[in-house]
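Student: I have a model open and would like to talk it through with you. Could we go region by region?

Tutor: Gladly, let's look at it together.

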Amino acid sequence: MSAAVAIGVLAAAGVYLLFLRGLVRAVIGLVLLQHAVNVLLVSIRTGARDTAPLAPYAAPPADALGQAFALTAIVIGLGTTVFLVALALRHAHHHHDDDVEGEP
Amino acid sequence: MSNASLVPIVVPLAAAALAALGRRSRWLQRIVTLAAVTAVLGIGIHLIASTTGGTVLTTVLGGTDARFRIALVADPLSALVVTVTALVALACTVALIARDDDENRLLLPVLLVLLAGSLGTFVTGDLFNMFVFFEVTLIASYVLLVIGGTAAEARAAAVYVVINLAGSLVFLLGVGLLYGAVGSVNLAVLATETARPPVRAVAEAVVVVAFALKAALLPLGGWLRVAYPVTPRAVSALFAGILTTVGVVAMYRVIPLAFGSTGALTAVLVAGTVTATGAALAAAAPAGRWHIVTLVVMAQAGFMVVGVGLGTVDGIAAGVVFVVQDVIAKTAIFLALSATGDADTGGRDLALHRPVLAATIGVTLVSLAGLPPTSGGIGKALLVRAALLAGQPVVAAVLLLASLLVLAAGVRLWHRTSWQAQEPGGEHRAVAPPVRRRIAAAPAVVLALALLVIGLQPAWLDASARSAAQVLIDPEAYTRQVLP
């Protein structure tokens, strides 16, 4: 339940920030959206709530695949966020502003 | 279990690493790139030969636990698309090398990564694996978009990256929900699990939306119009040929097999027809030739997904034929336009001075508009026939209307081509063709010839597409060969 609320709040904030002017705000919005999706992936339970997937297993381990998805998504998100920030920096050098809208 | 489906991924990646390490020597890079792309073309042809009649080759990675294994699957669709992608990549690389456009030593390695990523999406049998390969392709495309370093490119790249990143997040959201609903993201398992709780329906809808964004369908496709006109000339043809195709082929693979709900298919059909008409209509507006051809490419994406949206074997087979020949056509027009100048003297002038190039552009435009005897005519005819057979006369009529609009845009584009470049003072300078420039234009000519050849002898492509469609639409045939 708390995960669902967290995902909702993060996603709402992320989408709001995406619509604002300014590339840096868009980047922060995308980061929040990434957080939302990662919380979703981690909170996937395809079975009953089980113990952490750390060997030796005291009880049937939780499903590690959702967590593996989240790890991959975090790393990929990191790469693209870094690229986007570099783009914003390059744009700011030219224009002293991070507003990328408007006709060139 | 065959390892042939690993080659299209491993070979370009290894070549990318080699080319990046050897970036002091330009010729080393070029040879490595050409060798890798030729090798992939070879393996693609081998795959076509191995998957005739609906055979599906599977490679399973990841050990013995059935839940954690990742399946790489080469079915007839994969074989066709891998081959044609390798073909256009070879054409683009030759043109790029001939024009000396690879001054930036990272261009060729990143191009190989782009190729590896897109081929990976074609041979994967697992949705999350498809997400990873999508990201590889996209990240490579982000780098290639800004590799020229101009401010216009950075600006377009900002829009392109933000929208595509949001699209990737939507895709991941859908995959996560689907995994939670079904318990697996393997396509074969999704095909066999026919229970449809509401969560699964929502997840499928989300994934379809993500694919529609990648394939640049209206109303999610605006990024294409922003990004493609400012793509550096070295890679614009590659973008046009490969990037939207990745999203479209993902739709072809996933929707009939694993999703199978008529709602998704109808939505895709509507989006496809709207895109085809809308983009073709919009192509009448802009003044610059790159803007016109970008919108024509966007319209082609609409045509491509109509095949899968129809949902019948005829529709999917027609769609596969269309996709294969359209990749060639889109790349050819971009390559051919890169070889012309940018003054506005018009096509007749071009025909007088550069007849072969003018003929190439003419044939490619005719193919994009969908007239015989080019392959575009075959593709369009098959699509219209499939639409009528599926009981969708409105769709057929809209397809014909959109083709007419694309033809009109093509005529406009013809008037915008030129063999002369515009000087800043308003004068014209001849784009004089030394031998290297002629070599650079040669790949476009070869691709245009391929369009004519396919148009005159479409039987083998039609047969391959039909066997591909039968595998795609029948989960039984697919899963029987993929799941142990």
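**A walk through the model**

Tutor: Let's start with strand 2 (residues 70-74) of chain B, where 4 of the 5 residues are buried, so the strand is largely enclosed by the rest of the structure. Keep in mind that this is a predicted model.

Student: In which sense do strand 1 and strand 2 of chain B pair, and over how many bridges?

Tutor: Strand 1 covers residues 57-61 of chain B. One residue pair to look at is B:Val60, which stands opposite B:Ala71 of strand 2 of chain B. The sense of the pairing is antiparallel, and the count of bridges is 5.

Student: Moving to the helices, at what angle do helix 10 and helix 19 of chain B pack?

Tutor: Two packed helices are described by the angle between their axes and the distance between the axes. Here the axes of helix 10 and helix 19 (residues 459-473) of chain B are 7 Å apart. The two helices are therefore oblique to each other, and the angle is about 45°.

Student: Which residues make the contact, and how many of them are charged?

Tutor: Helix 10 of chain B brings B:Tyr252, B:Arg253, B:Pro256 and B:Leu257, while helix 19 of chain B brings B:Val471, B:Leu472 and B:Ile473. By class, the contact has 6 nonpolar residues and no polar ones. The number of charged residues is 1.

Student: Is B:Ser236 buried or exposed?

Tutor: B:Ser236 lies in helix 10 (residues 233-259) of chain B. Beyond its neighbours up to four places away in sequence, B:Ser236 touches B:Thr231, B:Trp290, B:Phe334 and B:Ser338. Its relative accessible area is 3%, and buried means under 20%, so B:Ser236 is buried.

Student: Which residue has its backbone oxygen 2.7 Å from a polar side-chain atom of B:Thr374?

Tutor: B:Thr374 sits in the loop between helix 15 (355-369) and helix 16 (375-389) of chain B. It is buried, with a relative accessible area of 2%. Setting aside residues up to four places away in sequence, B:Thr374 touches B:Val363, B:Val366, B:Ser367, B:Leu451, B:Leu452 and B:Gly455. The backbone oxygen you are asking about belongs to B:Leu371.

Student: How far apart are the C-alpha atoms of B:Val406 and B:Leu472?

Tutor: B:Val406 is in helix 17 (residues 393-416) of chain B and is buried, at a relative accessible area of 3%. Its contacts beyond four places in sequence include B:Ala280, B:Phe303 and B:Leu368. B:Leu472 is 66 residues away along the chain, and the C-alpha atoms are separated by 30 Å.

Student: Now chain A, please. What pattern does chain A follow along the sequence?

Tutor: Chain A has 3 helices and 0 strands. Of its 104 residues, 34% count as buried. Read along the sequence, the pattern is α-α-α.

Student: What separates the C-alpha atoms of A:Val27 and A:Leu84?

Tutor: A:Val27 lies in helix 2 (residues 23-42) of chain A, and its relative accessible area of 7% makes it buried. Apart from residues up to four places away in sequence, A:Val27 touches A:Thr81, A:Leu84 and A:Val85. A:Val27 and A:Leu84 are 57 residues apart along the chain, and their C-alpha atoms are separated by 7.1 Å.

Student: What share of the chain A contacts with a separation of 6 or more comes from residues 24 or more positions apart?

Tutor: The pair A:Val27 and A:Leu84, 57 residues apart along the chain, is one of the contacts of A:Val27. For chain A, residues 24 or more positions apart account for a share of 55%.

Technical notes: Residues numbered from 1 in each chain as written. Chains lettered and ligands numbered in written order. Predicted model: local features only at pLDDT ≥ 70, side-chain atom pairs only at ≥ 80, totals over all residues. Heavy atoms only, no water. Buried < 20%, exposed > 50% of the residue type's maximum accessible area, 1.4 Å probe, protein only. Polar contact = N/O pair within 3.5 Å; in protein donor to acceptor, adjacent residues only side chain to side chain. Contact = heavy atoms within 4.5 Å. Axes fitted to C-alpha atoms, helices over the stretch in contact; angles between N-to-C directions. Parallel < 35°, antiparallel > 145°, perpendicular 65-115°, else oblique. Nonpolar A, V, L, I, M, F, W, Y, C, P; charged D, E, K, R; others polar. Pairing = 2+ DSSP bridges.
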